[in-house]
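Colleague: I have just opened this one and could use a guided look. Can we go through it piece by piece?

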Amino acid sequence: MSRIQESVVIRTVVRIMVPFIEIFALYVIMHGASGPGGGFQGGVIFGAGIILFTMIYGIKEGKQRMSDKLSRILSSTGLSIYTGTGLLCMVFGGMFLQYNVVPLLSLDPANVSAILIDVVEIGIGITVLVIMISLFFDISPPEEDELRFSEEEEQ
């Protein structure tokens with residue numbers, strides 16, 4: 001038996017579960033400012049969903065879903081969102097991530113803070129997601145090792 005799970009039941013359950021895991025991760029990210037959760041927790045949940053998919057369908061299939069190019073784009077996007085929000089606050093005379101100084105559509109400072117906190121949580125979530133998946137791919141065996149192990153187990 002290979003390291004790639006070949007059970008039809010497990011593959012079907014994972015294919016059904018992963019979208020719900022990712023929706024829950026988005027919920028955790030978006031409600032992190034007003035309740036338990038946040039960008040870090042949501043990013044970990046989102047990454048765990050993709051890692052679960054990769055564990056069942058194989059590294060090759062997982063890397064097709066999350067290529068190195070996409071990983072680089074998402075990591076730089078997450079960091080840019082976080083840093084950009086902090087620098088925007090500094091441009092308007094506040095300190096880094098002092099949300100209430102940003103004059104956003106003539107909203108009161110509490111609403112501006114709520115909006116910008118959600119933006120920062122999204123940036124953190126994207127960054128943590130990419131780091132988790134990158135770490136998983138870095139410690140997993142390369143595709144040729146996976147093929148070699150599956151051939152040895154068949155003999």
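Colleague: Where does Glu121 lie?

Modeller: Glu121 lies in helix α5, which covers residues 109-139; helices here are DSSP runs of H or I with at least four residues, strands are runs of E with at least two, and both are numbered from the N terminus. This is a predicted model, in which local features need pLDDT of at least 70 and side-chain atom pairs count only at pLDDT 80 or more, while totals for chains, interfaces and linings use all residues. Residues are numbered from 1 along each chain as its sequence is written, and side-chain values use heavy atoms, with hydrogens and water left out.

Colleague: What is Glu121 in contact with, then, leaving aside neighbours within four places in sequence?

Modeller: With those neighbours set aside, Glu121 is in contact with Ile29, Gly38 and Gly39, where contact means heavy atoms within 4.5 Å.

Colleague: Gly39 again: which residues of α2 are buried?

Modeller: Gly39 is one of them, and the others include Gly42, Gly43, Phe46, Gly47 and Gly49. What covers the buried residues of α2 includes α1, α3 (59-65) and α5, and just after α2, Gly58 takes a positive phi of about 105°.

Colleague: How far apart are the end C-alpha atoms of α2?

Modeller: They are 27 Å apart, which agrees with the 27 Å that the 19 residues of α2 (residues 39-57) should span at 1.5 Å a residue; the expected span is 1.5 Å times one less than the number of residues.

Colleague: And what about α4, which of its residues are buried?

Modeller: The buried residues of α4 are Ser71, Gly78, Thr85, Gly86 and Cys89, and they pack against α5. Just after α4, Gly93 has a positive phi of about 95°. In the loop between α4 and α5 comes Leu97, whose phi is also positive, about 65°, although Leu97 is not a glycine.

Colleague: Switching to rings, how many aromatic pairs are there?

Modeller: The count comes to four aromatic pairs, taking rings of Phe, Tyr and Trp (its six-membered ring) whose centres lie within 6.5 Å, with planes under 30 degrees apart called stacked, over 60 edge-to-face and the rest tilted. Phe136 and Phe137 form a tilted pair, 6.0 Å centre to centre with 50° between the planes.

Colleague: Are those two buried or exposed?

Modeller: Phe136 counts as buried because its relative accessibility is 18%, and Phe137 is buried with a relative accessible area of 10%. The charged end of Lys63 sits over the ring of Phe137, 5.5 Å from its centre; this requires NZ of Lys or CZ of Arg within 6 Å of the ring centre and within 35 degrees of the ring normal.

Colleague: Last one: how many helices and strands does the whole chain have?

Modeller: The protein chain has six helices and zero strands, and 33% of its 155 residues count as buried.

Methods: Buried < 20%, exposed > 50% of the residue type's maximum accessible area, 1.4 Å probe, protein only.
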